[in-house]
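Subject: Structure for you to look at

Hello,

Here is the structure I said I would pass on. Please open it next to the sequence before you read the notes.

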Amino acid sequence: MNSIKSLLFNLFFIVLLSACEAPPRTGGSDSNLHSTAIITADTVSANEEYVMITTAINMPMYVNHDQAAFKKWAKKMGVKASILGPSEWDIPAQIATFEQVIPQKPAGFLVNGTDPGIAQVINKAVDAGIPTVVYDSDIPGGRQHSFIGSDWYEMGRLQGERMVKILKGKGKVVVMGILGMTNMEAGFQGFLDVIKKYPAMEFIGKYDDKANVELAAKITADLIVAHPDLAGVAGFDGNSGPGIALSVKEANKIGKIKITTVDAEPEHLQLVKEGVIDYLVGQKRELFTQMGAQMLFDMRHKTISFSKNDAKAGVVPIPKKLVTGSIEIDKSNVDLFIK
Amino acid sequence: MIKDRIVTLSATILLLCIVMSFLFPSQFPTVENFSQIMLNLSIDTIVAVGMMLLLISGVFDLSVGSIVAFSGGLAGYLMYYHDVNFLVAIAAALSGSLLIGFINGFLITKIGINPMIQTLAMMGVVRGVALMLSGAGIQNFPYEYNYIGQVKILGLQSPVWYMFAIVLIFSYLFKNIAFFRRYYFIGSNEKAAHLSGIEVEKMKLWGFVIVGLLAGIAGILLSSRLGAALSSSGKGLELRVITAVILGGASLSGGQGKIVGAFLGAAFMGIVGNILILTRVSGYWQEIILGVILILAVGIDQLIQKKK
Amino acid sequence: MKLGLKNISKSFEVVKALQDVSLEFQEGEVHAICGENGAGKSTLMNILTGNIQPDAGEILLDNQTVIIQNNQHARSLGINIVYQERSLTDGLSVAENIFPLPPTKSFGRINFGQLNQQTKALLQQLEIKEFSPATMVSTLSPAQKTLVEIAKALATNPAILLLDEPTASLTDKETNILFSVIRTLKQRGVTVLYISHRMAEIKLIADRVSVLKDGKYQDTLSTSDCKTEDIIRLMVGRDLQQVDVATHTIEEVVLSVKNLTGRGFKDISFDLKKGEIFGLGGLVGAGRTELAMAIFGATTIDSGTILKNGKRIINKHPKQGIANGIAYLPEERKTLGVFLQMSIVDNIISAQLYGKGYSVKTNNQKAGDYSKKLNIRSASVQQLMSKLSGGNQQKVVLAKWLNTQPDVLIVDEPTHGIDIGAKREIYKILKQLTADGKSILLISSEMEELLLLSDRIAVMREGKLKGILNKRNTSENEIIKLATQ
């Protein structure tokens, strides 16, 4: 009897083990040649749904630019736009949301590239044959069909050039942003590469404000105390600007410390008008979603074909990467942006 | 009374599933959808089992979310920056989580710090450490590590199996092992428990250690599943888990609750989450609905207490 | 103001707290109320202060019938009380405590100047010099706090003031202050009801003394005309019930307590013999429960030794007490003894959660056995404790402790709040236990119970052991004497 029991036991384990499905190994080729065919359709239906997957869904900048443009586009095209994601900055929740929508096979996914950690789930969507476009920040580990976003190196370079100009090639400068984030590090680099060319410009360091206004203000205040001759601060996330401006105001250094930063939200524009911030590099966020959604549409409806059957042939009929460029704002044109 | 909750909660879940199957026949009642729901609630449930233990004894722990982030963060940090073998990294992460639980338990039982305050403070401290370790995020874990959380057995991804195992094991323990039964007595009447020879302080300390370990396990599974240690891992976990556990029959005053209730409570919330996504309810409503569920859960709990 | 009680009765379930009590208090007299624990004094106080309503009878103020609805109402009628338990807020000053509704200026701001003035005047009137209006209550000693409580009650200008064991934590000096305050009040025509056990004080300060026993009014004596013995006789004299008084004591010493000192008790020594019921008598606050808990291991011992079967034992935690064969049934069953939300089975095994082999099946069996043995009335052993009557709950508690196979059972007020039928059953059980060779330390404030069950009786007063009496040649009087003097 015992031997039969142990035999059954072993069988059980063998069955169990063979029922194991190992996860795919990453680092495979980026080639689309043998990937899943994209799901296409011949007619446009009012029910076809394009889903935006983001996080911090209620953040004003996202709502007013990305989401507004997306909704406008969907209305124009006569299709459905859905916006999903957690209200907090919660990546695991964004991933969980994404995963639960994939089985429903919507017409396309517009994914806010919030964190490299979402690469896995992007690949799941792509493997399910759903057109997937990443916007804002690129996700290197993912096999998304396209990326559309700003060129952060360029944004840094523009800030660098302008900073050199206003400081007349001389002075102490710092950069501030979220350290470790790929796009911001690219921005820092763009800034630095310009500064390096001017020996009279002194680069003091990179500072992490964790996308927090109060922290940006505190760091600026500390820097002003540590370097009374600080000449310029360059910010790289949306909250850097207001924070830096606050401390510069409180230290009575308006005009003495030059500020350049990213984003062109109402608070940034106001500060430019007041003369506290000298230069803004804005993103064309509306394009992220409007053109991103359009690309999804084009994939689905085979707007342009490169072969008899692109889906089967493994051809992705949209740009691989779209750089949207930047908007430059200073006192000379700020009024045109203020609503 | 508790039996009632298991029954009523199960019935409610069943009802929700039936209704949803009618409304979304092609999307809700599918194997894919259900396995996705289970996968997403597996992390929460593992921690909820620990939280149920604590609530049975009359306390709770607000630092669990941070421990989840810390655990994955430490493992990731060791593997990525120091090329540590994945098994060693896991051992380190779990040891660290145990230690955090021990510190919580020690400060609460031996020094006498109020549990809510202690674990609230620890929540911040541990999250800070987790952020330092994981920075803006760590990816590119070794394949073996990812395998743990991504392998599928009989079609279900491993965290789901871990969840079932932990729920079953702890259900058994709480019914049949004296050590775990003691928690009911402590929660029901701490003074009487002391006078009955139960070493209340020791038991409470162990409780926090066990929760720390479970949160650590959850953290490994989460980061393994995502293939990344994220700084926002475990955010908001504690409140979700406490909600789930109370829905599942625990009482804030202690002495009540069954382990399977933790699973049912988490399942309920997972299904509600899935419903919100399927019905495309916007993010604004999510917060409101989850808040309302918590109020209902606590409110009903209070009414039942009053009736007694 | 004259106060009268006519035919007042009050019952709590099966317990008849007051039966047909009639009392009359003159204006401006100091009237003491005496009685053992359970005589009905607290119930009487609660009725007068509006906390509970009598089942029958009337309260008359100046010959007018009144119904006292609640505390506030009582206060507005001029009746106020100083309790034994503290009602002060440590974080506030003396003045703020005495006048919880302080005088205010515009916008509700407290007028501290006036408040302190008022308080100063009051303290002066009462000739209290030990603290000032602005003193923080947290810095006062318990005795001083009592004085503040008294001042607080007086601040409402009562016509009738009830004092519940006011000298419990006062030194002689403060007691004198209290007495002069009372005399001042007398002169002002305030009626003072003085509840106390302390015969000496009663004779000093009271004009008359009324005695309650078992909820019934006994008699009223003039303190100048009577002797202490007369009062005591009224308090305790009763017929002894005839029940099995056989003793099962063997001369072997099971527990030996030597010079035990701790919080609430000092230098206690006695021996407990095998098969003996050793009674521990005394008034509330004498230190008996403190002693019991210390022997059991629930609280700490400062000095002294305990020997069990000749070997020294140190119990630092109830777990050790249980391991050493000692069981303790607490006085406050509901808060310390039972797990109301849990089943009978769980309660029965609750003291045996450290040991090998926890088995649901065995537990159910055990519970069933004990249920039969102790005649616990319930639908099933799975029933929740909260559904059982007091008597049955106590039997479950007994089962719980018997389950630990103890040699020594310490039972603290075992029949408190239990009906007469269940009481008998518990007496029988206790006697049977001694026949089986167990020893019992019986703490009881019920004289009848103590004399009925005990082989020997030790009497404690204010933490000290006053004497050990042999049941055969002692009386209630002797016990009360030791307990009160």
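This is a predicted model: local features need pLDDT of at least 70, side-chain atom pairs count only at pLDDT 80 or more; totals for chains, interfaces and linings use all residues.

How the chains meet

Chains A and C do not touch: their nearest C-alpha atoms are 27 Å apart.

Chain C

Chain C contains 17 helices and 20 strands. Its radius of gyration is 25 Å, close to the 23 Å that the globule rule gives for 485 residues, so chain C is as compact as a globular protein of that length. The C-alpha trace of chain C spans about 70 × 50 × 45 Å along its principal axes. Of the 485 residues in chain C, 45% are buried. If you count the contacts in chain C between residues at least 6 apart in sequence, 68% of them join residues at least 24 apart.

Where chain B meets chain C

Here 21 residues of chain B are in contact with 21 residues of chain C. On the chain B side, three helices each supply at least two of the touching residues: H7 (158–176), H8 (178–188) and H9 (190–195). The largest share comes from H8(B), with six residues. By type, the chain B residues that touch chain C are seven nonpolar, eight polar and six charged.

Two helices in chain A

Helix H7 (residues 213–226) of chain A packs against helix H8 (residues 240–250) of chain A at an angle of about 40°, and their axes are 7 Å apart. Because of that angle, H7(A) counts as oblique to H8(A). The crossing of H7(A) and H8(A) is right-handed.

- From H7(A): A:Val213, A:Glu214, A:Leu215, A:Ala216, A:Ala217, A:Thr220, A:Ala221 and A:Ile224.
- From H8(A): A:Ser240, A:Pro242, A:Gly243, A:Ile244, A:Leu246, A:Ser247 and A:Val248.

The residues in this contact of H7(A) with H8(A) divide into 10 nonpolar, four polar and one charged.

Regards

Conventions: Residues are numbered from 1 along each chain as its sequence is written. Chains are lettered from A and ligands numbered from 1 in the order in which they are written. Two residues are in contact if their C-beta atoms, placed from the backbone, lie within 7 Å. Helices (H or I, at least four residues) and strands (E, at least two) are DSSP runs, numbered from the N terminus. Ala, Val, Leu, Ile, Met, Phe, Trp, Tyr, Cys and Pro count as nonpolar, Asp, Glu, Lys and Arg as charged, and the others, Gly among them, as polar. Axes are lines fitted to C-alpha atoms, for helices over the stretch in contact, and angles run from 0 to 180 degrees between N-to-C directions. Angles under 35 degrees count as roughly parallel, over 145 as roughly antiparallel, 65 to 115 as roughly perpendicular and the rest as oblique. A crossing is left-handed if the near helix is turned anticlockwise from the far one by less than a right angle, and right-handed if clockwise. The radius of gyration is taken over C-alpha atoms; the globule rule is 2.2 Å times the number of residues to the power 0.38. A residue is buried if 20 or more other C-beta atoms lie within 10 Å of its own, exposed if 12 or fewer, and partly exposed in between; C-beta atoms are placed from the backbone.
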